[in-house]
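Trainee: I would like a close look at one part of this model, the contact between the two chains. Please set it in the context of the fold.

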There are 2 protein chains.
Amino acid sequence: MTLVLNAHDVDQAIKMPALIASIEDGLREDARGRANVPQRLNVTTDSGWLRVMPAVLNESGIMGFKAFQIMGGLGARYLIALYDVKDGVLLALMDASYLTAARTGATTGIGTKLLSREDSRKVGLIGSGLEARTNLEAICTVRDIQLVRVFSTTPEKREAFAREMAAKLETEIVPVATPQEAVAEADIVMVATNTGGRPDPVAFHGEWLQAGQHVSSMGSTMPRQRELDPETFARAERILVDSKAQVEEESGDVHEAMKAGVYDSDRVYELKQALVGEAPLRSSAGQITLFKSVGNAIQDLASGLAVYREAQRLSLGQDIGDFMDLKTV
Amino acid sequence: MTLVLNAHDVDQAIKMPALIASIEDGLREDARGRANVPQRLNVTTDSGWLRVMPAVLNESGIMGFKAFQIMGGLGARYLIALYDVKDGVLLALMDASYLTAARTGATTGIGTKLLSREDSRKVGLIGSGLEARTNLEAICTVRDIQLVRVFSTTPEKREAFAREMAAKLETEIVPVATPQEAVAEADIVMVATNTGGRPDPVAFHGEWLQAGQHVSSMGSTMPRQRELDPETFARAERILVDSKAQVEEESGDVHEAMKAGVYDSDRVYELKQALVGEAPLRSSAGQITLFKSVGNAIQDLASGLAVYREAQRLSLGQDIGDFMDLKTV
């Protein structure tokens, strides 16, 4: 049987702790050489593009892909297809629009667990969009956060964000008028912006950094997208990324840091290495640390698996039967 | 809305003439530079593999992919996802197991129209599996075939094939005990085998060729698969393939012909070139011609579009609504 999960079903089946745990499992599996993630595939159309990102997780028992397309002027749709890796049965088709933002948050949560101080209590958040919400939720899942200061350029947006997310996360959230106010005294800085088209696309400057801060950034996933300056890379003593090859290829922030000569690839490690003890982590309370992500298919499939399990538990979705014939070979 | 078409729905919605016409449209579009087909993507699992083949047809108005996986010892499942290229809506998800065999046949039909003599009446068929059926059906769609002689190694299979397909195609079909008997006096030779594991994997030998014959072959889509010998390539005066890069990379028959020094890439043209008048075709009744295919995503999507249209006309399938949210960007 194939379970179809629409946006509402997926929304109900997303549990941040389960997403984090499932992605950690997938990354550890990848670290052990038991996963398989080829280069993602992009195809352009007259007005947009289609991207297909397959992956195989032999131990988690799943394979499949995320497919998403952006049609210029309209928007994007995200689909995750999840197969049983042993018998090839299509287990689920699910809307992955909100889930993509949630898994980005969950991945930041893993980076936060690994790099931030355990006693972190204050978050400085730059950005108030969907990703700001999911990333903050994940940070609050892994650390006992008691105060969030949020900045975004439109006062109404940061105020609505503070109101809505304070209720959801049961945490004090204060909207502030400048990014400096948001990040000053923060233990954790979260940068989740879409500032690509602005005159100054840099949303966070390394000169604002304070001893002991952990910075996460997920808003520079294309060469033209920016949010961190090179100084941030220069001052970070530990850097983790989700996928080194993709971050170095795709992130405009990393490209600028490379140009400025402050990005040393040899001291940048991947999340999966950190999860199996193969990356240096924070060694003092005063160290500045950085986590940078662009997303990959293991995060998608592993979070899709968590959603599928929860949806089964809650009897969500529409069972459309086994609509594909098995062709014996 | 997304229409889910199971194997039975697709079976009812497959009309060979419509498949042929739709694939021709797609190939012409590709020839005009209006389609986009990246390299297919393979991911291995512990016991099999997953392949994703995306394509965009801007003028036909669709994009999407075929995804199929082969799990060792079990079998394969095929899925086609069809999107509207303009607004990105997922139009259909369909079982593509039988459809894959049907589109392979339809593609052979196009090659047959382009290369075989118009007055072809007799087919010599080697093979009696699913692809032998769909390829013969396509040949009978484009030519007025009056006699088919079929050979395959198991007498029961060739007899069942003759009985069943004679009823379906309303054509005389005679099972014969040797491949030579099948192809002697044939105007069109169709080789559709799966002889990879046999001591002699070559099912058709070039020394059997007669003046004026057109040969089609679709059973060597991996380096280890064989069905034609190099002599066939040496004697063919016109050669068309569906995708030159893929045929040269994937077909064991072509690899052997290359090794034997009888495969001249410069005189091999693609079906799409032939459809827009950019390939030399048969110029005399006595010429020997060859069509060789390995399949590509344009054939899949174009045939998926034909099936989708017919399914709509016949009100087939299960409408599962618009389960993916549009994320405005």
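Mentor: Start with confidence. This is a predicted model. Chain A averages a pLDDT of 96, and 100% of its residues score at least 70. For the model, ipTM is 0.92 and pTM is 0.94.

Now the contact. Chain B gives 46 residues to it, and chain A gives 46 residues as well. On the side of chain B that touches chain A, the elements giving two or more residues are strands: β3 (41-44), β4 (48-57), β5 (62-71), β6 (75-84) and β7 (90-95) of chain B. Of these, β6(B) gives the most, with 7 residues. By class, this side of chain B holds 27 nonpolar, 12 polar and 7 charged residues.

Then the context within chain A. Take the sheet. It is open, has 8 strands and shows parallel pairing. The order in chain A is β10-β9-β8-β11-β12-β15-β13-β14. Its edges are β10 (172-175) and β14 (268-270) of chain A, each of which pairs on one side only. From one strand to the next, the twist averages 20°.

Look at one pair inside that order. Strand β13 (residues 238-241) of chain A runs parallel to strand β15 (residues 289-292) of chain A, and the two pair over 4 bridges. Here I239(A) stands opposite L290(A) in β15(A).

Last, a helix pair. Helix α4 (residues 130-142) of chain A and helix α5 (residues 155-169) of chain A have axes that come within 11 Å. Those axes cross at roughly 35°. The crossing of α4(A) past α5(A) is right-handed. From α4(A), the contact uses A132(A), R133(A), L136(A), E137(A) and C140(A). From α5(A), F161(A), M165(A) and L169(A) take part. This contact of α4(A) with α5(A) has 6 nonpolar residues, 2 charged residues and no polar ones.

Back to your part, then.

Terms used:
Residues numbered from 1 in each chain as written. Chains lettered and ligands numbered in written order. Predicted model: local features only at pLDDT ≥ 70, side-chain atom pairs only at ≥ 80, totals over all residues. pLDDT = per-residue confidence, 0-100. Axes fitted to C-alpha atoms, helices over the stretch in contact; angles between N-to-C directions. Left-handed = near helix turned anticlockwise from the far one by under 90°. Contact = placed C-beta atoms within 7 Å. Nonpolar A, V, L, I, M, F, W, Y, C, P; charged D, E, K, R; others polar. Pairing = 2+ DSSP bridges.
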